Amino acid sequence: MPYVEAAGAKLYFEESGYGYPIIFIHEFASDIRGWEAQVRYFSRSYRCIAYNARGYPPSDVPEDASLYLWQFAVDDIAAVMRDLNIERAHLVGLSMGGYAALQFGLRYPEKTSAMVAASVGSGSHPSHRDAWLRETSVLARIFIEHGMVSMSERIARGPARIQLKYKDQKSWRDFVVRLRQHSALGMSNTMARCQALRPSLHDLHHQFSEMTVPVLLAVGDEDVRCLETNLMLKSTLPNAGLWICPNTGHAINLEEPFAFNAQVENFLSAVERGCWRRGFPGTEVGPHLGWCRRTCRDNSSVQVDPETADAGVGCLHHSRPSSRSHSKSLS
């Protein structure tokens, strides 16, 4: 099995496709298998990398609870990029993964070419904060006491997740099966140390106001805990757009995979053409953000300066393909 060496844990990853890299970062209640519809689609044009967070087998499940702090989740993205020889990448994160992506954009803007932060904001709104801290403490204990078989049904029937069952019962059953296979210890430590102790996104207002990385925010209109925080992020991040998907809960990529893929593709295409929010007051698209997605036979990419893109003038930017296999598929 392929692993990345991160601080205090080995992280299992899978990759497929060729081209510019996209790194997929999963949510608390999922793993890389939750990205199957996205990886299958985007691997036609991109090099897609998905990995399991620490605590999610076959990644390591450290017994030391201090190794689950949210800072490790951010640094794990950097570890994946380092071990796979990736200098810059698009990031696509959901919920917990979207939170890690936003923090990564603050810490490593030079490594982040574009970012999709979907379903972010649980526990961040000031009016939800106290309840969130109480809930995460209780849930961390219940994972250990009751195990994943009991907890999987409880999570899957939550008010922001039951929508998947009504839309696609097979996908919902697959979601429950995957949950049952998670590590109770890993989930407990992730909830107690990463989820509970991470700063509220509202407390990062000033930092986000200075982050110029292109961002697509995506949220379901029935994901009540996240709606207001996404409106805050839209008004704060200077280079962000917001897509609100109707009649949709938290697992937006599972509930509406075709719509989600279309929104992400349109966003990445706009960023690569250098026209994401072009001309909007207070936003600038740096010339390093314009790419053509096409790849040459030797896996070099065609980098296009947005200033000369319309005239068809570009320069080749050669990058050697990774020696690792690109044909592994998500299970």
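## Strand pairing around β6

Two strands pair if DSSP finds at least two bridges between them. Helices (H or I, at least four residues) and strands (E, at least two) are DSSP runs, numbered from the N terminus. This is a predicted model: local features need pLDDT of at least 70, side-chain atom pairs count only at pLDDT 80 or more, and totals for chains, interfaces and linings use all residues. Residues are numbered from 1 along each chain as its sequence is written, and side-chain values use heavy atoms, with hydrogens and water left out.

Strand β5 (residues 89–94) and β6 run parallel, joined by 6 bridges. A89 has T112 of β6 as its bridge partner. On β7 (residues 215–220), β6 pairs over 4 bridges, also in the parallel sense. There, V116 stands opposite L216.

Why is strand β6 largely enclosed by the rest of the structure? Of its 7 residues (112–118), 7 are buried. Buried means under 20% relative accessible area; exposed is over 50%, and partly exposed lies in between (1.4 Å probe, protein chains only).

## Overall build and confidence

The protein holds 11 helices and 11 strands. Of its 331 residues, 56% count as buried. Take the contacts (heavy atoms within 4.5 Å). Among those between residues at least 6 apart in sequence, 73% join residues at least 24 apart.

Confidence is given as pLDDT, the predictor's own score for each residue, from 0 to 100. The mean pLDDT is 88, and 84% of residues reach 70 or more. Residues 283–331 stay under 50. For that stretch the model has 93 contacts beyond four places in sequence.

## Nonpolar cores

A nonpolar core is a set of buried Ala, Val, Leu, Ile, Met, Phe, Trp, Tyr and Cys residues joined through side-chain atoms within 4.5 Å. The largest one has 64 residues. Those touching the most other members are I23, L102, F143, L201, L233 and L237. Helix α4 (residues 129–156) gives this core its largest share, 8 residues. Another core, of 28 residues, lies apart from it, and includes Y12, F24, I252 and F260.

L237 shows the kind of neighbours involved. Beyond four places in sequence, L237 touches L102, F208, M211, V215 and L217. In soluble globular proteins, nonpolar side chains tend to be buried together.

## Aromatic pairs

Rings of Phe, Tyr and Trp (its six-membered ring) pair if their centres lie within 6.5 Å; planes under 30 degrees apart count as stacked, over 60 as edge-to-face and the rest as tilted. The structure holds 8 such pairs. W70 and Y99 are edge-to-face, at 6.4 Å centre to centre and 90° between the planes. W70 sits in helix α2 (residues 70–83) and Y99 in helix α3, so the pair ties together parts that are 29 residues apart in sequence. W70 is buried at 13% relative accessibility, and Y99 is buried at 5%.

F104 and Y108 make a tilted pair, with 4.8 Å between centres and 40° between planes. Both F104 and Y108 are buried. Ring pairs also link Y41, F42 and Y46 into a cluster.

S152 lies in helix α4. S152 is buried, with a relative accessible area of 0%. Outside four places in sequence, S152 touches V176, L179 and R180. S152 and A29 are 123 residues apart in sequence, yet 8.7 Å apart in space, C-alpha to C-alpha.

S30 is in the loop between β3 (21–25) and α1 (36–42). S30 is buried at 6% relative accessible area. Leaving aside neighbours within four places in sequence, S30 contacts Y56, R178 and H182.

G121 is in the loop between β6 and α4. Which residues does G121 contact, leaving aside neighbours within four places in sequence? They are L201, R225, C226 and T229. G121 counts as buried at 7% relative accessibility. G121 and L233 are 112 residues apart in sequence and 9.4 Å apart in space, C-alpha to C-alpha.
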